[in-house]
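Please look over the structure below. The paragraphs after it take up a ligand site and then an interface between two chains.

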Amino acid sequence: ETLNWARAGDALTLDPHAQNEGPTSALSHQIMEPLVIRDMTGKIVPALATEWAPSEEDPNVWAFKLREGVTFHDGAEFDSEDVVFSFNRAMSPDSDFKELLASVTEVRANGKYGFEIVTNGPNPIMPSNLSDIFVIDKDWAEANNATKVQDFEGGEDTYAARNANGTGPYKLVSREPDSKTVLTMNENYWGKDEFPMEVTEIVYTPIQNAATRVAALLSGEVDFIQDVPVQDLQRVGSTDGLQVITAPQNRVIFFGMNQGDADLKGDDVEGKNPLADKRVREAMNMAINREAIKQVVMRGQSIPAGVAMPPFVNGWTEDLDSLPANDVAKAKALMADAGYADGFSIQLDCPNDRYINDEAICQAAVGMLAQIGVNVRLDAKPKAQHFPLINNLETDFYMLGWGVPTYDSEYIFNFLAHTKGEKYGSWNGTRFSNPELDQQIQRLASETNLDERNLMIANIWSVVQDEVLYLPIHHQVLNWGMAAKVDTVVDPDDEPKIKYFKIK
Amino acid sequence: MAEAVLSIRDLVVEIPTRHAVLRPVDRISLDIAPGEILGVVGESGAGKSMTGNAVIGLLDRPAHIASGEILLNGERIDNLTKDRLRRVRGKRIGMVFQDPLTSLNPLLPIGEQITETILEHLPVTRAEAESRAVAALEEVGIPAAAARIGSYPHEFSGGMRQRVVIALALCAEPALVIADEPTTALDVSVQAQIIALLKQLCRERGTAVMLVTHDMGVIAEAVDRVAVMYAGRLAEIGDVRDVLTRPAHPYTAGLMASTPLASKGLKRLNQIPGAMPSLSRLPEGCAFHPRCPKAAERCRRAPDPTLAAGGGRAACWFANERVA
Amino acid sequence: MMESRLSRAWQSDFLWSFRRSPTAVVSFFVVLVLVLGAVFAPLVAPHNPFDPSSLNLMNGFSKPMQPNAFTGEAFWLGTDDQGRDVFSTILYGMRISLFVGFCAVLFAMVLGVTLGLIAGYSGGMVGTVIMRIADVQLTFPAILVAMLIFGIAKGFTPVHLRDQMAVWVLIFAIGLSDWVQFARVVRGATLVERKKDYVQAASLNGRKAVGIMLRHILPNVVGPVLVIATISLALAIIAEATLSFLGVGAPPTQPSLGTLIRIGQGFLFSGEWWILFFPATTLLVLALSVNLLGDWLRDVLNPRLR
Amino acid sequence: MLAFVIRRVFQSFVVLLVVGLVAFSMFRFVGDPIENMLGQERTGADIERLRGQLGLDQPFPVQYFKFLTGAAQGNFGVSYRQGRPVADIIAERLPATLELASVSAILAIVFGLGLGVFTAIRRDGWAANTIMTLSLVGVSLPTFLIGILLIYLFAVELNMLPSFGRGEVVDLGWWRTGFLTESGLKALILPSITLGLYQMTLIMRLVRSEMLEVLRQDYIRFARARGLREKSVLFRHALKNTLVPVITVTGLQLGSIIAFAIITETVFQWPGVGLLFINAIQFVDIPVMAAYLMLISVMFVGINLIVDLLYFVIDPRLRGDSSKATA
Amino acid sequence: MNALVSVKNLTRIFDVSKPWLNRLLEGKPKAFLQAVSDVSFDIEERSVYALVGESGSGKSTIGKMIVHLLRPSDGVIEIGGVDLLREPDRQRVDKIRTDIQMVFQDPYASLNPRWRVRDIIAEPVTARGGKAEGLAEHLLEQVGLSAADAGKYPHEFSGGQRQRICIARALASEPKLIVCDEPTSALDVSVQAQVLNLMSDLKEEFGLTYLFISHDLTVVEHMADRIGVLYLGRLVEEAPRDVLFADPKHPYTQMLFAAAPKLDGFGREVEPPKGEIPDPINPPSGCAYHPRCPKAVARCTLERPEMRDLGGNRVACHLAE
Ligand SMILES: Nc1ncnc2c1ncn2[C@@H]1O[C@H](COP(=O)(O)OP(=O)(O)OP(=O)(O)O)[C@@H](O)[C@H]1O
Ligand SMILES: Nc1ncnc2c1ncn2[C@@H]1O[C@H](COP(=O)(O)OP(=O)(O)OP(=O)(O)O)[C@@H](O)[C@H]1O
Ligand SMILES: [Mg+2]
Ligand SMILES: [Mg+2]
């Protein structure tokens with residue numbers, strides 16, 4: 001069975017270590033494999049490793065037992081040598097995955113089918129960092145002059161960028177970047193009997209324009225599209241021979257506010273920063289009608305959020321995620337309390353090509369905030385212009401979405417809650433700074449006692465929530481549209497692994 | 001009189017406009033005998049070109065022949081089908097326009113334009129047509145005609161171009177040529193050459209010519225008979241010598257008198273007062289009466305005096321008295 | 001008295017050919033109604049879609065003339081994804097579109113006519129340089145110019161001014177890509193006019209070049225300029241829509257007709273046809289009428305074609 | 001004529017320089033490419049390193065100069081997004097755009113000319129009037145909307161034609177063509193109509209008005225007076241003269257077909273340079289954007305040069321001694 | 001009587017070269033067209049001086065140089081004893097410039113179609129910042145139109161009436177000299193008679209001087225006091241009217257007389273003149289007329305004849321006597 005698969009963007013390269021980016025990894029997953037993989041429900045399951053555990057002798061070492069009898073597409077045998085080679089490659093300076101392995105000091109083989117990772121301290125969540133670290137054949141890389149990671153930013157074009165030799169369920173047949181990639185089933189795949197493997201050929205086409213993508217699905221030209229625009233879900237779902245499946249995604253959408261500066265440039269309040277007043281932030285949080293956004297803007301395809309953390313993440317509790325009451329009267333009272341009975345005006349910066357209905361959400365928020373007197377000017381723009389504003393602290397009120405590949409709160413705190421700095425807090429555009437909190441965040445990395453660690457996480461969250469650091473909107477929901485014959489569940493990371501797909 | 005090549009009988013051309021129906025040609029009747037040159041004179045807007053265009057069937061919409069007949073060698077041509085009329089044009093009636101530069105297609109070599117015309121009308125092969133084209137050019141006095149057959153119109157001077165146009169008009173040996181102010185755009189010296197050429201060629205072939213002009217001098221020297229038009233009507237027609245020396249219509253008389261030559265030695269020229277009325281505001285009765293020194297009560301009333309075919313010289317109530 | 005009679009005669013000539021052309025009459029009234037609707041939008045429109053506090057998101061996606069499932073409110077032409085009344089939004093959006101269109105054409109016209117007059121009248125080096133600039137301009141296709149200008153302007157304008165700037169940038173960008181045709185036509189006409197004896201007479205009588213250009217030549221080239229202006233107006237409105245499609249248009253909270261279409265086209269497959277259909281129809285009718293008027297004007301003002 | 005060509009080439013060169021400068025300076029405001037190139041987890045040091053690597057930390061004139069010298073050698077640098085030489089990417093994408101553009105251009109010219117002539121000779125006939133009015137509908141809707149409507153009608157509702165892409169393609173050396181397969185040809189239909197419609201209308205209206213103009217020239221009247229067949233008068237005499245002014249505008253229109261391909265390619269996911277450009281803008285892929293603009297300019301200038309040379313072929317007044325022609 | 005206008009060695013050269021690159025590639029030199037060469041004549045006050053010649057002979061160019069629409073390449077034009085080109089006193093120059101007016105050939109092109117007749121006529125005054133209340137009405141009556149016409153637009157008038165309006169405009173600045181460039185060649189004979197009569201009348205009434213440019217010998221004979229005959233930019237013969245018409249000395253003048261159609265020339269069969277005017281960019285050597293001249297001798301091809309006085313005539317011909 002051929003699966004015609006389309007999504008908005010194409011993989012950037014076939015070099016598995018050059019770009020840590022959704023569509024790139026998604027394609028790589030069909031051709032290559034990591035040691036462990038998240039299955040379509042997000043659970044970590046064996047791939048090239050069959051067993052793994054922290055070493056009994058040394059808490060700083062994780063030991064892996066590798067799968068035997070696996071061959072690469074070109075027939076070469078897979079063993080620990082290839083894993084060591086691939087990990088070293090993934091940790092080299094040009095690799096885009098080196099941050100994920102930042103704590104790794106050494107990788108070593110332990111016999112032909114044993115492999116060990118040494119870290120600079122105990123790392124309780126190591127395996128969750130490995131699900132996108134792909135293994136390639138050492139000899140193939142050497143033969144093709146591809147031992148070095150493609151210097152993507154430097155504009156290098158390597159053999160590995162256009163060709164692939166993995167152990168994965170599908171082999172590369174042909175590829176035209178941004179246009180068409182054809183894969184065919186790997187007859188020698190180790191898991192041929194373990195997984196459904198009902199798709200024998202994959203034709204992957206990026207289709208950028210959403211309407212065209214939907215049209216292609218509706219007209220039967222493609223069988224499977226990721227990112228169905230929410231408004232078209234019903235149409236797709238109700239079309240004969242098509243279906244839509246949805247699942248929460250590992251991504252939360254929220255607004256950030258500049259609460260640190262003494263005065264704002266973009267507002268109409270002289271000499272004061274209205275956002276610095278917690279009551280104002282609370283009022284804004286109350287003014288936003290998340291349910292309405294879900295119903296109308298997202299057509300029911302979102303999970304309103306009370307916390308800036310996807311539900312999959314360690315640290316998430318139902319309690320934290322409970323929605324603030326949508327109470328305009330109370331919000332107005334808070335505004336009046338804070339001295340802004342007549343409101344104020346401010347600019348909201350919003351991307352228009354990054355998240356599902358990003359611009360429409362912002363627009364809806366504009367209307368809701370207007371009701372408590374916060375007069376919002378909306379500036380929506382492509383992500384390439386939006387993100388620099390956050391990073392250069394040029395916006396006082398902005399939309400951001402956050403995915404958590406490690407499924408752990410620490411990742412969120414590191415980037416979003418810690419005082420903005422070089423190593424930590426780099427995406428914290430709120431100017432919020434709490435040195436005590438910073439210390440707690442930094443301590444998380446080395447805390448090996450998981451219970452203790454979880455307590456700390458809960459603590460930090462309570463501060464973050466109490467400060468109204470962010471205005472959470474919702475957790476995104478993934479929508480996959482496909483021909484009725486396709487049988488699969490939605491992958492929360494939006495990385496379909498087609499070996500799991502069944503064909504009815 | 002031998003049978004006329006062209007006979008126009010009570011020709012009326014009408015132009016429907018927003019306010020009224022105009023008659024730029026109003027009940028014109030005239031004949032041209034074989035080999036005869038008929039001059040048509042009159043002020044600008046008198047309807048000279050319109051008459052010529054009506055004869056060759058090239059009136060631009062919305063102008064059309066409203067009534068009357070046009071006969072070529074006794075055969076009616078005003079009611080022919082488009083295609084039959086086309087075959088009359090060029091073949092039996094040749095036409096020469098005023099401006100030789102704009103009359104020729106700038107993108108085609110002149111030889112090509114002559115050849116296509118010959119091929120259209122005569123049963124000859126292409127090679128034959130080409131050699132005839134060279135001959136035609138030689139006849140009109142283009143030096144080294146064979147060499148210039150591939151030249152484009154812009155490569156010729158004004159006089160040479162008009163010669164080419166004449167060659168084109170005559171190349172299918174038509175019985176009648178209508179020359180609409182063929183020399184107005186040219187210098188006197190060239191004008192003399194072109195008029196002489198036209199006269200010579202037509203005489204040699206016995207072609208009848210309708211020569212439209214407003215130059216009395218040209219009329220005097222070139223034509224056998226002359227028709228004077230005023231406001232779309234025929235004012236006077238007759239032998240050129242008679243008309244010019246003893247005009248029967250006051251308008252002709254006024255026209256003649258106002259040329260500087262006729263007023264030689266006078267300090268002021270004789271002038272006709274006023275101007276030709278516009279077609280939409282023609283006076284009742286004789287169209288000339290408001291400017292006429294002799295106008296009487298009768299002239300101001302309809303019907304106006306008309307000239308029927310062969311019915312005298314001038315469309316003036318007083319004409320016969322004075323000629324007599 | 002004489003004067004008024006004459007001007008009446010002239011006008012009635014114009015009006016006569018107008019009345020005789022049903023297309024012209026219909027187009028004119030359509031344009032008139034649309035323009036009036038746009039100008040008086042605050043009076044005509046039942047809602048103010050540009051006032052975010054008056055919007056209720058829950059009204060979103062109401063079908064035309066049918067009560068909303070959540071709020072029970074009904075809207076004549078339905079509502080869009082933000083709960084804006086489509087009818088009101090079209091009126092307000094048309095305001096922006098027409099404003100952008102008019103100003104862009106005006107800008108292009110002033111620039112083009114000025115440069116065209118100078119190039120045509122003074123000729124020589126100045127004329128050559130102007131026309132070469134026009135060539136460079138033509139090398140950049142209109143939409144590219146607009147996109148790039150938009151990019152630049154965004155870079156230059158302070159953050160808090162961007163909303164207001166957007167409209168002016170659109171005007172500037174569309175105008176800039178449009179001036180060349182004015183310049184070309186005016187230059188051509190000027191080259192013809194300046195050889196005419198009345199221009200010679202004027203310079204003989206001591207008129208300066210500027211005076212000749214403005215007082216003598218300009219009035220004689222307005223005919224074709226007017227025709228181009230009309231057709232450019234339609235083009236400018238569409239260009240604005242296209243730019244909005246490419247994401248460089250009016251701000252989403254104050255959508256123009258083009259932005260509305262861009263928003264609406266996302267709902268074409270989902271069955272919310274009215275969000276696209278009504279703005280698109282309005283744009284079509286508006287542009288078509290303006291084009292038809294321009295066509296008619298071209299015929300009337302061009303005596304050669306009569 | 002040689003002088004003319006030399007002058008044009010020189011002018012074209014200046015135009016390209018200016019285009020390069022304008023293009024290059026504009027891109028600095030489209031956004032910061034670095035943000036796109038580094039992941040969520042990048043550090044400030046990464047940014048600085050990358051900036052240095054890309055040469056983005058150098059002064060603007062230096063960047064421009066480097067760009068120019070590279071461009072002169074056909075080297076437009078490396079795409080930030082695809083990590084491959086821009087020249088390669090463009091060479092790969094160009095056939096798609098050229099095929100689409102040429103089919104559209106042919107459609108536009110053939111139908112534009114045909115309908116233009118038809119509406120001119122049948123002026124005031126009902127068929128001609130209907131065509132004229134319908135043609136205005138074509139220019140009264142934005143291209144992207146027409147494309148979407150076509151997709152909706154022919155792909156989604158009627159399921160007759162593909163909604164996106166090029167269909168099956170065949171490699172002829174480095175040229176990848178869609179002309180040789182049925183699905184490739186089918187895939188061309190909707191996009192080329194979308195792209196060509198506007199230009200067709202324009203050409204048609206221009207041909208009509210020029211033809212009407214030519215038809216009232218004296219030489220047409222004289223051709224009729226010579227008794228030539230109507231067919232010969234219309235097509236041999238009138239049409240050829242009509243072409244002279246039409247060619248200029250058509251040339252310009254062909255240039256803008258390539259530019260308008262941006263929109264069509266976006267709507268139809270046509271893997272050509274226009275789509276590449278739009279992607280590049282979103283990604284702030286400066287080398288690709290700059291190369292694209294230069295490419296467009298080169299084509300534009302090239303087309304104009306050809307158009308001007310066509311004049312020489314068609315109009316004998318321009319050939320040979322021009323002093324006589326103007327006298 | 002003294003000369004109002006004195007023209008000496010007037011020359012005008014037009015550069016009609018192709019662009020430098022073409023010349024470079026084709027190896028051609030610059031091309032110059034000498035439209036007017038070394039022309040000298042005087043116009044006496046209150047007289048009519050006529051220039052005749054075929055198309056391209058330089059008549060209009062001379063006219064335009066005299067009214068300062070064109071700069072001479074060489075030579076002197078003195079008006080009332082002042083050389084406007086070299087006169088340093090700007091006020092004097094401005095004053096004298098208002099003394100010169102022009103009437104053009106094409107009455108349709110000489111009136112701005114968008115202006116009312118009133119404004120057109122007053123322009124010579126208003127353009128210099130003057131007040132012109134009632135001036136147009138007055139002048140319209142002077143030229144035989146009605147004061148009520150001032151509010152009309154040019155398209156409401158016939159050719160002859162337009163030419164009257166042009167004349168009215170020329171009169172507005174109360175000039176001394178009017179250059180009339182073929183004022184009637186676009187008009188019918190009957191209208192021509194009216195316009196010529198009007199011009200004669202006005203000349204008497206206002207004491208005007210005319211430079212009358214025409215190609216029509218009969219008109220010139222009627223109007224002029226003194227006549228200059230031009231051929232290819234050069235004056236070939238100049239004489240008082242009666243002298244010239246009685247006894248033209250130059251073969252070119254004789255040819256012009258012979259070729260002009262005569263009202264009484266019924267059936268006249270004369271040998272038409274030979275040849276056409278040569279290319280002015282490469283004029284023939286010696287006497288420019290020699291290729292067409294029936295009398296030409298070898299000397300004519302080599303040596304350009306000087307203007308010489310010959311019994312009342314000034315003739316530039318080696319053979320004239
Ligand atoms: N389309 C038209 N509508 C109205 N009147 C017209 C039209 N065409 C021609 N006329 C009028 O018809 C009359 C006859 O014109 P025609 O061209 O025959 O004059 P003519 O005697 O040839 O003048 P000329 O000497 O200027 O060539 C003129 O008064 C002219 O104004
Ligand atoms: N601006 C110019 N540039 C180049 N050549 C010119 C220019 N003006 C006039 N000429 C040339 O100068 C010569 C004399 O022209 P001019 O207009 O003075 O002749 P003319 O005697 O008035 O002729 P016509 O009777 O046609 O008006 C002609 O050969 C003409 O082509
Ligand atoms: Mg005529
Ligand atoms: Mg002249």
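In this predicted model, helix H1 of chain B gives the most to the shell around ligand 1, with three residues. The elements that give two or more residues to this shell are H1 (48-56) and strand E2 (21-32) of chain B. In total, 13 residues surround the ligand, and the closest are B:Ser44, B:Gly45, B:Lys48, B:Ser49 and B:Met50. By class, the shell has six nonpolar, four polar and three charged residues.

Some side chains of the site can be followed atom by atom. B:Ser44 places a polar side-chain atom 2.5 Å from an oxygen atom of ligand 1, and a polar side-chain atom of B:Ser49 also lies 2.5 Å from an oxygen atom of the ligand. For B:Glu181, an N or O atom of the side chain is 3.1 Å from a ligand oxygen. On its own, ligand 1 has 640 Å² of accessible area, and the protein covers 63% of this.

Chain B also meets chain D: 29 residues of chain B are in contact with 25 residues of chain D. About 2,500 Å² is buried between the two chains, with 53% given by carbon and sulfur atoms. On the chain D side, D:Arg221, D:Phe222 and D:Arg226 lose the most area to chain B, together 28% of what that side buries.

Five salt bridges are found across this interface. One of them joins the side chains of D:Arg236 and B:Glu116, at 2.7 Å from N to O. The elements giving two or more residues to the side of chain D that touches chain B are its helices H9 (218-225), H10 (230-268) and H13 (322-326). Of these, H10 gives the most, with seven residues. That side of chain D has 13 charged, eight nonpolar and four polar residues.

Conventions:
Residues numbered from 1 in each chain as written. Chains lettered and ligands numbered in written order. Predicted model: local features only at pLDDT ≥ 70, side-chain atom pairs only at ≥ 80, totals over all residues. Heavy atoms only, no water. Contact = heavy atoms within 4.5 Å. Buried area = accessible area lost by both parts, 1.4 Å probe. Salt bridge = Lys/Arg side-chain N within 4 Å of Asp/Glu carboxyl O. Helix = DSSP H or I, 4+ residues; strand = E, 2+ residues; numbered from the N terminus. Nonpolar A, V, L, I, M, F, W, Y, C, P; charged D, E, K, R; others polar. Near = heavy atom within 4 Å. Polar contact = N/O pair within 3.5 Å; in protein donor to acceptor, adjacent residues only side chain to side chain. Areas by Shrake-Rupley, 256 points an atom, 1.4 Å probe, with all protein chains shown as cover.
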